[in-house]
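Hi there,

Here is the structure I promised to pass on.

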Amino acid sequence: MEKVLLVGSGAREHAMADALVRDGQAALHAAVAVDNPGITRLAKSVVHTESDIQAIVEHCREHEIQFCLVGPEKPLEEGVTDALLKAGFPCAAPSQAAARIETNKAFMRSLLEKYDVPGRIAYSETDSLSNAVGFSKNLDWRVAVKPLGLTSGKGVKVWGDNFQTPGEVEQYIREILSTGMSGHNRVLIEELLRGQEFTVHFFCDGNSAIPTPAIQDHKRAYDEDKGPNTGGMGSYSSSDGLLPFLDRQAYNEAAVIGQKIVDALRVEGCPFKGILYGQFMLTKSGPKIIEFNARFGDPEAMNTLLLLRSSYVDICRAIIQGSLTKEMLQFQPEASVVRYVVPRGYGSQPEAGKEVIINESGIRGTGSSLYYASCNLVGEKGSTTKVRTTRSRTLAVAGAGSDIASAQRKTQDALQFIKGDVYYRNDIGTADALARKVNVMRELQAE
């Protein structure tokens, strides 16, 4: 049995932990910023930090860890993988240099240009207010404005959503340049894309980038994609590995882009080992690159790992050894739906400290899976767990089925076993919501 250390304490990491231990090949150890009831229940040992790299290394020594995984982006940016590798602990996670594909947005865009990667868009990266404003004006103000570094998915603002006037665009550019938001006094301006977003994860061993089924995330807080942007309210995938609006040709084009990213990073001297997250916009002219991340998406990790039929431990070993093959990644030919349960007001004024009662056996009885996120454990009695909300997402339920509708029904059944002053979206994976997304692409193609 492999002794594995997992860094991270969210629902994404709970899904990773569950995938590691479910076939009996791994003894889980964890490095968490806060106690996650799901992770700590599975772990043989816990060190309470994600940022004290030396403490994590010492924990690995103490427990004779055989390899490590990293869930969130911040420890990657801080170099936890490099420190673990230097101390002799193999990692199925990217180095600090390779993780720049996420942690430095300008590096990502320049890499695409240097290696002529398909799916590029117009952009400007600058510390000049006049240059940024001029570039935005040339695009008729239809832009996305981004700080260069990490902002937990909440730093991007776009025309028609966050901005209604040119003055609002300029004001946000000024804020980024003057405050050094995310650690940089520079700003990235990108052309605004029209279409449907989708995600493809890639399992990477430094040479190969093996794509997984496509997934669509839902960032908006409320049904019908209304309300403020959030960390993600849920996601779905289809049984054929595509999406209702995404055909095989477009998926294959996205897969080629992922491989070219891994090829470019290898040539740059920082081979990418771990999970590469590709976020794309399907446009009238095919997939365009929104961003790449150096780890699983959240909630998309739950879709991917729920359907993974192969041994996650074996995959991680192949990533470390540089021997990953397409045949090693087998997925259930099913659809999946993930839905987050969040405190009231999440996305704007979340209500922390509210008690939530979870009937775990009831959820299991629906055929769904439960993943804990950001919550404080109150107590456990039998199959009932009580937690209190924080200001972030509380927990998620995930269901798989022969089609999206059956997976969605499983999650709907599971949610009846969660009681408290909480909120979740009702439209993720519904027929009406999927039809709207298909119609968006049909109308775009007809223009």
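First, some housekeeping. This is a predicted model, in which local features need pLDDT of at least 70, side-chain atom pairs count only at pLDDT 80 or more, and totals for chains, interfaces and linings use all residues. Residues are numbered from 1 along each chain as its sequence is written, and side-chain values use heavy atoms, with hydrogens and water left out.

Let's start with L307, which sits in helix α11, residues 300-307. Helices (H or I, at least four residues) and strands (E, at least two) are DSSP runs, numbered from the N terminus. L307 counts as buried because its relative accessibility is 2%; buried means under 20% relative accessible area, exposed over 50% and partly exposed in between, with a 1.4 Å probe and protein chains only.

Leaving aside residues up to four places away in sequence, L307 touches S237, Q330, F331, Q332, E334, A335, S336 and A400. Contact here means heavy atoms within 4.5 Å.

Now for V342, found in strand β17, residues 335-343. V342 is also buried, because its relative accessibility is 1%. With residues up to four places away in sequence not counted, V342 touches M233, R393, T394, V422 and Y423. V200 lies 142 residues from V342 in sequence and 25 Å from it in space, C-alpha to C-alpha.

Best wishes
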